[in-house]
Structures are given as structure tokens and as C-alpha cells.
Amino acid sequence: MSKLIFSDLNIEYNKEWNKDIPNLVAYIIDEDHTISMGEKFTTNIHTDIVVKDKKNIFLKIPYNTNNLNIQIRAVIDNDILILDFEEDDFIDFLKEKGSITGRFNSRIILLFLFQYLAITYTDTLLGLEDDLNELFEKAIDKGHIDFKKLLIMKKESSLIKRNTAFYKSMISYLDDELDDLPLYEKLIFVLDNTINMVENIESSIYSCIDMFNSLSSNKMNKTMQVLTIITVISLPATIITGIFGMNFDIMPLLHSYYGFTISMVLLILIISIEIYVFRKNKYM
């Protein structure tokens, strides 16, 4: 559904447009239309921004939504923004911001677009933080972690970080055209905040992996400790049976009536001493 946006905050739906419509500042095209780069534009160092002058700017803006990578195309042509981005939430966002700013122009709407994309990423990142907290709890309580889910979260956060940094570079590249707007500095701050959130999530992901590895290592150490204690406790029995298993005719207690009893008492005494030493030193 195509939309015409006027400087007085009025929005009309399902309307055809032309440059001569009074007070028109933006046209959001529907899926039946496309935006192409006209021959009048010249190339430059930023491959996704084409600038002829302040009145003619072409942008290709990457956007990730619902695990889909799309490209938003936008053209500022003689103070009219032509945009192929159809999201009802964006229109509601414009209405909300318009009630505060009072009036629209094409460059303000373009900056609002970047702000809207950053806010949607912020919502996604908040959801990732909740998922990370659940993974932390499972790692602590159950000693299990879903590495596949963690990898998906890492990939999504990295993509958000890349796109947000890309938005910042685009805006910085267009600073001569946009830096006179009050929203410019605020938008840079919003984008920096989004990047900081991604970095915090990436740090949390690595911390979650480190914590799981630490828990697994502690579990393995406890297992090895139990096996070591069992081995040390059973060592005297192994030594005694080894000695009495030797093929000698003359050996203390070998032909004694109480030989077996004495050897068992000696064995129990040694094991008791070992257990006492282990408990005293808090090995068990």
C-alpha cells in the first residue's frame, strides 16, 4: 500500500504521486513498484550511497528482520524521499515522532528511518538478553548449554552490529547533508548505544561459554578426585594381597592361625588412618 507523507504530518494511503503535489515530503512505495539508480547519479567511495548533490541522494540500506536480510532502497530527489520500506510500525513511529517535532521534511524522515531500525534492533537485543539469562540458568542448574542456540544468537547479534555500524558510517558520510538537523547527534548516540548493547551481549555469550567450560572442568575434577580417593584407599589392600600372594614358604603370618585376622585388622587400620587424614585435610 503506497503512502504519501506531507510536511504537516498528514499521511494519505493508496495515492499516486508526482513531484508537483504541494507539501509532499515522502513517498513510501508498495511492492508493485521499485526504485532504480538513474544514470544521473554518480558513483563515489561509498558503494551503497550515491550523491549527485544535496538534492539527489540514493541509498541502499541493509536490514535484518525475522532472520531475513533485506535491502531498503531510498532516494532523496529534490526534497522528496522515495522509500521502498513497508512496515506499519514505521508509519506509527513517524506519527509519534511527528507529534513531537511538529513538521516533517525528507531528511528528517530519513533520519527517523535509521532511528526506527536501531530501535527495532534494540528490541531484538533485549530478547536475546532474556534468552541468554535462560541459558545461564540452565548451565548452572543442569550443567547443560544449547550451543546451537548460542551460535544462532551470536550470528544474529553480529549481523545487528554490522548493520548498525554501517548505518553510522552512512550517516557520517552524509554529514554535510544531515548534520544541521537536531536529530543528527541524537541518532549517532542511539546507534552507539545499540552497538554497545551488541558488545555486551557478545561478552555475555563468551562468559556463558566460559562458565559452562568451568562447570564442566569442575565436574571432571570432582570425578577425578573421587577416583583418586578410591585408588588410594584400595592401595593398602592391593599391597597386602600382593605380598601374601608371593610364592615363599617362609613368611610372617603365612602359616599362623590368626594370620588372616591380623592382616585384615592391619588393613582396616591403615584405611581408617587414610580416611581420617583425608577428612582432616578436607579431601572428602
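## Basis

The model is predicted: local features need pLDDT of at least 70, side-chain atom pairs count only at pLDDT 80 or more, and totals for chains, interfaces and linings use all residues. Residues are numbered from 1 along each chain as its sequence is written, and side-chain values use heavy atoms, with hydrogens and water left out.

Helices (H or I, at least four residues) and strands (E, at least two) are DSSP runs, numbered from the N terminus.

## H2 against H3

Helix H2 (residues 106-141) packs on helix H3 (residues 147-173) at about 155°. Their axes are 11 Å apart. Axes are lines fitted to C-alpha atoms, for helices over the stretch in contact; angles run from 0 to 180 degrees between N-to-C directions. H2 and H3 are therefore roughly antiparallel (angles over 145 degrees). The crossing is left-handed (the near helix is turned anticlockwise from the far one by less than a right angle; clockwise is right-handed).

Contact means heavy atoms within 4.5 Å. On the H2 side, the residues include Phe114, Leu117, Tyr121 and Leu128. Those of H3 include Leu150, Met153, Ile160 and Tyr167. The contact of H2 with H3 divides into 13 nonpolar, four polar and four charged residues. Here Ala, Val, Leu, Ile, Met, Phe, Trp, Tyr, Cys and Pro count as nonpolar, Asp, Glu, Lys and Arg as charged, and the others, Gly among them, as polar.

## H5 against H6

Helix H5 (residues 183-244) meets helix H6 (residues 259-280) at about 160°, with axes 10 Å apart. That makes H5 roughly antiparallel to H6. Their crossing is right-handed.

H5 contributes Ile229, Val232, Ile233, Pro236, Ala237, Ile240 and Phe244 to the contact. H6 contributes Ser263, Leu267, Ile270, Ile271, Glu274, Ile275 and Phe278. The residues of this contact are 12 nonpolar, one polar and one charged.

## The bend in H5

H5 bends by about 35° at Ser234 (the angle between axes fitted to the seven residues ending there and the seven starting there). A proline, Pro236, follows within four residues.

At 1.5 Å a residue, the 62 residues of H5 should span 92 Å (1.5 Å times one less than the number of residues). The end C-alpha atoms of H5 are 91 Å apart, which agrees.

## The S2–S3 loop

Asn23 sits in the loop between strand S2 (11-13) and strand S3 (24-28). Phi of Asn23 is near 65°, a positive value in a residue other than glycine.

Ile21 lies in the loop between S2 and S3. Leaving aside neighbours within four places in sequence, Ile21 contacts Leu4, Phe6 and Glu16. Leu4 is 17 residues from Ile21 along the chain, and their C-alpha atoms are separated by 9.7 Å.

Technical notes
Parallel < 35°, antiparallel > 145°, perpendicular 65-115°, else oblique.
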